[in-house]
Amino acid sequence: MFPDPDRSYNDLRARARQRIDSGQLPARVVETLAAGYGSSLKACCLCGQMITPIEVEYELCGGGTQAITLHIACYTAWRDECLERTQDGAAAEQSGSTRAS
């Protein structure tokens, strides 16, 4: 379920970018992810809306002291932003090593 019908995927990607840049969300996809129905006690770390009991809550495990919880749409936007950054970094690194040769 999308957290807010007025919020598009591109809006969520932009917010993910901002949260990563400010250090509020990790810049790399974590290896461990837990999922279950929301408890209504936690807000999504990307959009800020509560994750209700009828929505799936994704919790990123490891890499920090605070649990990071996300709606599926918010998780997807954050994950895609992380993957794009990883690919861009790998491409830049590859380009730099080619020039050094």
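How many disulfides does the structure hold? The count is 0, where a disulfide is a pair of cysteine sulfur atoms within 2.5 Å; the cysteines come back at the last stop of this tour. What you have open is a predicted model, in which local features need pLDDT of at least 70 and side-chain atom pairs count only at pLDDT 80 or more, while totals for chains, interfaces and linings use all residues. Residues are numbered from 1 along each chain as its sequence is written, and side-chain values use heavy atoms, with hydrogens and water left out.

**The whole chain**

Start with a cartoon of the protein chain, which shows 2 helices and 3 strands in the order α-β-β-β-α from the N terminus on. Helices (H or I, at least four residues) and strands (E, at least two) are DSSP runs, numbered from the N terminus. Of the 101 residues, 31% are buried, meaning under 20% relative accessible area, with exposed set at over 50% and partly exposed in between (1.4 Å probe, protein chains only). Among contacts (heavy atoms within 4.5 Å) with a separation of 6 or more, 53% join residues 24 or more positions apart.

**The sheet**

Next select the strands, which form an open sheet of 3 with the order E1-E2-E3 and antiparallel pairing; two strands pair if DSSP finds at least two bridges between them. Strand E1 (32-37) and E3 are the edge strands, each pairing on one side only. E1 and E2 run antiparallel and are joined by 6 bridges, and along them you can find Leu33 standing opposite Leu60 in E2.

**The nonpolar core**

Now show the side chains of Leu46, Leu70 and Trp78, which touch the most other members of the largest nonpolar core, a group of 20 residues. Such a core is a set of buried Ala, Val, Leu, Ile, Met, Phe, Trp, Tyr and Cys residues joined through side-chain atoms within 4.5 Å. Helix H1 (9-21), strand E2 (56-61), strand E3 (68-70) and helix H2 (72-100) each give two or more residues to this core, and the largest share, 6 residues, comes from H2. In soluble globular proteins, nonpolar side chains tend to be buried together. Centre the view on Trp78 and, leaving aside neighbours within four places in sequence, you will find Trp78 in contact with residues including Ala16, Ile20, Leu25, Pro26, Leu60 and Leu70.

Move along helix H2 to Asp80, which counts as buried because its relative accessible area is 19%. Not counting residues up to four places away in sequence, Asp80 touches Tyr9 and Arg13. The C-alpha atom of Asp80 is separated by 9.0 Å from that of Val29, 51 residues away along the chain.

Glu81, also in helix H2, is buried at 4% relative accessibility. The side chain of Glu81 makes a polar contact with the side chain of Arg13 at 2.9 Å; a polar contact is a pair of N or O atoms within 3.5 Å, where, within protein, one must be able to donate a hydrogen and the other to accept it, and residues adjacent in sequence count only if both atoms are side-chain atoms.

Finally, select Cys44, Cys45 and Cys47. The sulfur of Cys45 is 6.5 Å from the closest cysteine sulfur, in Cys44, and is therefore too far away for a bond. Cys47 is likewise in no disulfide, the nearest cysteine sulfur, that of Cys44, being 3.8 Å away. Cys45 counts as buried at 19% relative accessibility, and Cys47 counts as buried at 8%.
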